[in-house]
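Q: Please take me through this structure feature by feature. I would like the general idea each time, then the case at hand.

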Amino acid sequence: MIPHGTGRPLVTPADRDASVRGARLRSLGLGRRPDASFDSFDAFADRVAAVTSAPFSMVNFIDEERQFFAGLHTPPGAGGGHGPGGAAAGSHLRHLARDHGYCPHVLARRKALVLDDVCDYPRFAGNPVVDGIGIRSYLGAPLIDGTGVALGTVCAVDTVPRAWGREGLHTIKLLAGELVGHIGGREVYAGPFHG
C-alpha cells in the first residue's frame, strides 16, 4: 500500500490490536499525558539508558492515535528531554506519530527487535526518525501484560550504529518483564506506579 502523494510503500505494519490496547491503557490510567505518576517511568527510562549505555531510552505506550513516551531519557542538552537530574519534557515532546519509529513494529511482532544499524534494512531505513531525528540503532521489547495485551515498549536508541548483541537483547527483555510487573501492580493497588 502506498500513501497518497509519497510514492513509497508504508513501512509501519497494520495495528489490529489498537482499540483493545487503547481501552486497556485507559483502564490502567496510562498513555495520555505526563503527570506526577509518570516520574517513575522517567526514572525507569534513566535506568534503561544506564544499563544499555544508550543516550536515549523510552517507555512508550501506543494507543489508537499516537505514541506516548511515559518514560523518557535524553542526554543533557539534547532538546528538552528528561535526563538524570533534569526536568521532564513538555507534553508535546512526549508524543510521536504512529508511523514514526520502530516501536509499532515491536507491537506488531510481539517480540523484541534489534537493529544494529537501521540503514542495513531497507524496510526500516526509510522511517522518518532516521532523517528527522538521526536514529541509527534501536533495541526494543514489548510490554505484554497479564491479560495478553501488548501495551507498548521499552527501548533504547542511539544516533550511531551499535552492536547490541545477545546481551543487549537479553537485557531489554528482562527490563520489559520487570516493568510489566510494576504496571500490573498499578492495577492491583489502584495507585501510581512506583519504580
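**Strands, rings and charges**

A: Start with the sheet: strand β4 (residues 113-115) and β5 run antiparallel and are joined by 3 bridges. Strands pair if DSSP finds at least two bridges between them; helices (H or I, at least four residues) and strands (E, at least two) are DSSP runs, numbered from the N terminus. The model is predicted, so local features need pLDDT of at least 70 and side-chain atom pairs count only at pLDDT 80 or more, while totals for chains, interfaces and linings use all residues. Residues are numbered from 1 along each chain as its sequence is written, and side-chain values use heavy atoms, with hydrogens and water left out.

Q: Which residue in β5 is the bridge partner of Leu115?

A: The partner is Tyr138.

Q: How many bridges join β5 to strand β6?

A: In a regular strand the side chains alternate between the two faces of the sheet. Here β5 and β6 (residues 150-158) run antiparallel, with 8 bridges between them.

Q: How many residues of strand β5 are buried?

A: Buried means under 20% relative accessible area, exposed over 50%, and partly exposed in between (1.4 Å probe, protein chains only). Strand β5 (residues 137-144) has 7 of its 8 residues buried, so by that definition the strand is mostly covered.

Q: How is an aromatic pair read, and what is the count of aromatic pairs?

A: A pair of aromatic rings is described by the distance of the centres and the angle of the planes. Rings of Phe, Tyr and Trp (its six-membered ring) pair if their centres lie within 6.5 Å; planes under 30 degrees apart count as stacked, over 60 as edge-to-face and the rest as tilted. By this rule there are 2 aromatic pairs. In the pair of Phe41 and Phe61, the ring centres are 5.6 Å apart and the planes stand at 85°, so this is an edge-to-face case. Phe41 belongs to helix α2 (residues 39-52) and Phe61 to strand β1 (residues 56-62), so the pair links distant parts of the chain, 20 residues apart. Phe41 is buried at 0% relative accessibility, and Phe61 is buried at 0% as well.

Q: Which charged end sits over the ring of Trp164?

A: The rule asks for NZ of Lys or CZ of Arg within 6 Å of the ring centre and within 35 degrees of the ring normal. The charged end of Arg162 sits over this ring, 4.1 Å from its centre.

Q: What is the count of salt bridges?

A: Side chains of opposite charge can pair when their charged atoms come close. The criterion is a side-chain nitrogen of Lys or Arg within 4 Å of a carboxyl oxygen of Asp or Glu. That gives 5 salt bridges. In one of them, Asp145 meets Arg24 at 2.6 Å, N to O. The pair links distant parts of the chain, 121 residues apart: Asp145 is in the loop between β5 and β6, and Arg24 is in helix α1 (residues 18-28). Asp145 is buried at 9% relative accessible area, and Arg24 is buried at 14%.

Q: Where do Arg47 and Glu178 lie?

A: The side chains of Arg47 and Glu178 meet in a salt bridge of 2.5 Å, N to O. Arg47 lies in helix α2 and Glu178 in helix α6 (residues 165-189), so the pair ties together parts 131 residues apart in sequence. Arg47 is partly exposed at 36% relative accessible area, and Glu178 is partly exposed at 30%.
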